[in-house]
Amino acid sequence: MTGSSTQGIKTVLHPVSDVAKAKAVYAALLGVQPQADEPYYVGFEVEGQHIGLVPGGGAQGMTSPVAYWHVPDIEAKLAEVTAAGATVKEPVRDVGGGRLVATVLDPDGNVLGLLQDR
């Protein structure tokens, strides 16, 4: 393989139990107010990074932050990483706005996110 087949980590999602408290902390940390502020998701954009807060993320199986690697072809990358030994945790799904996401587990059980914007 020549060159990188990802566009880097540009999105990190954090599960939170109290979205109002978390929103205040992340706004203070990042120095900006959220661009998306819904009961089900709060998102901040800063310096080319997207930081998301997922209320009740633990109920969705999120036990820690998940970094999402942006890729041009999520299906191809999912096939590539599973062939290399990763296990699918969450298959490709559309989360709206033309964005596709999936998660895999590396051999040690770490969660890796994949994200493709169409």
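**Notebook: contacts and burial in a predicted model**

I began with A27 and found that, beyond residues up to four places away in sequence, A27 touches V32, Q33 and F44; contact here means heavy atoms within 4.5 Å. I note that this is a predicted model, in which local features need pLDDT of at least 70, side-chain atom pairs count only at pLDDT 80 or more, and totals for chains, interfaces and linings use all residues. Residues are numbered from 1 along each chain as its sequence is written, and side-chain values use heavy atoms, with hydrogens and water left out.

**Entry 1: A27**

I placed A27 in helix 1, residues 19-30. Helices (H or I, at least four residues) and strands (E, at least two) are DSSP runs, numbered from the N terminus. With a relative accessible area of 11%, A27 is buried; the cut-offs are under 20% for buried and over 50% for exposed, with partly exposed in between (1.4 Å probe, protein chains only). I also looked up the pair A27 and F44, which stand 17 residues apart in sequence and 8.1 Å apart in space, C-alpha to C-alpha.

**Entry 2: T6**

I found T6 in the segment before strand 1 (9-16). T6 is partly exposed, at a relative accessible area of 25%. Setting aside neighbours within four places in sequence, I list W69, H70, V71 and K77 as contacts of T6. The C-alpha atoms of T6 and I74 lie 9.8 Å apart, across 68 residues of sequence. The side chain of T6 also reaches the backbone nitrogen of G8 at 3.3 Å.

**Entry 3: K77**

The contact list of T6 includes K77, and I therefore turned to K77, which counts as buried at 9% relative accessibility. K77 belongs to helix 2, residues 74-83. Neighbours within four places aside, K77 is in contact with S5, T6, V71 and L114. I recorded a polar contact of 3.0 Å between the side chains of K77 and E80. A polar contact is a pair of N or O atoms within 3.5 Å; within protein, one must be able to donate a hydrogen and the other to accept it, and residues adjacent in sequence count only if both atoms are side-chain atoms.

**Entry 4: Q116**

I located Q116 in strand 8, residues 111-117. Q116 counts as buried, at 13% relative accessibility. A polar atom of the Q116 side chain lies 2.7 Å from the backbone nitrogen of I74. Neighbours within four places aside, I list V71, P72, D73, I74, G98, R99 and L100 as contacts of Q116.

**Entry 5: the whole chain**

I counted two helices and eight strands, in the order β-α-β-β-β-β-α-β-β-β along the sequence. The radius of gyration is 15 Å, close to the 13 Å that the globule rule gives for 118 residues, so the protein is as compact as a globular protein of that length. This radius is taken over C-alpha atoms, and the rule is 2.2 Å times the number of residues to the power 0.38. The C-alpha trace spans about 40 × 30 × 25 Å along its principal axes. Of the 118 residues, 33% count as buried. Among contacts between residues at least 6 apart in sequence, 52% join residues at least 24 apart.
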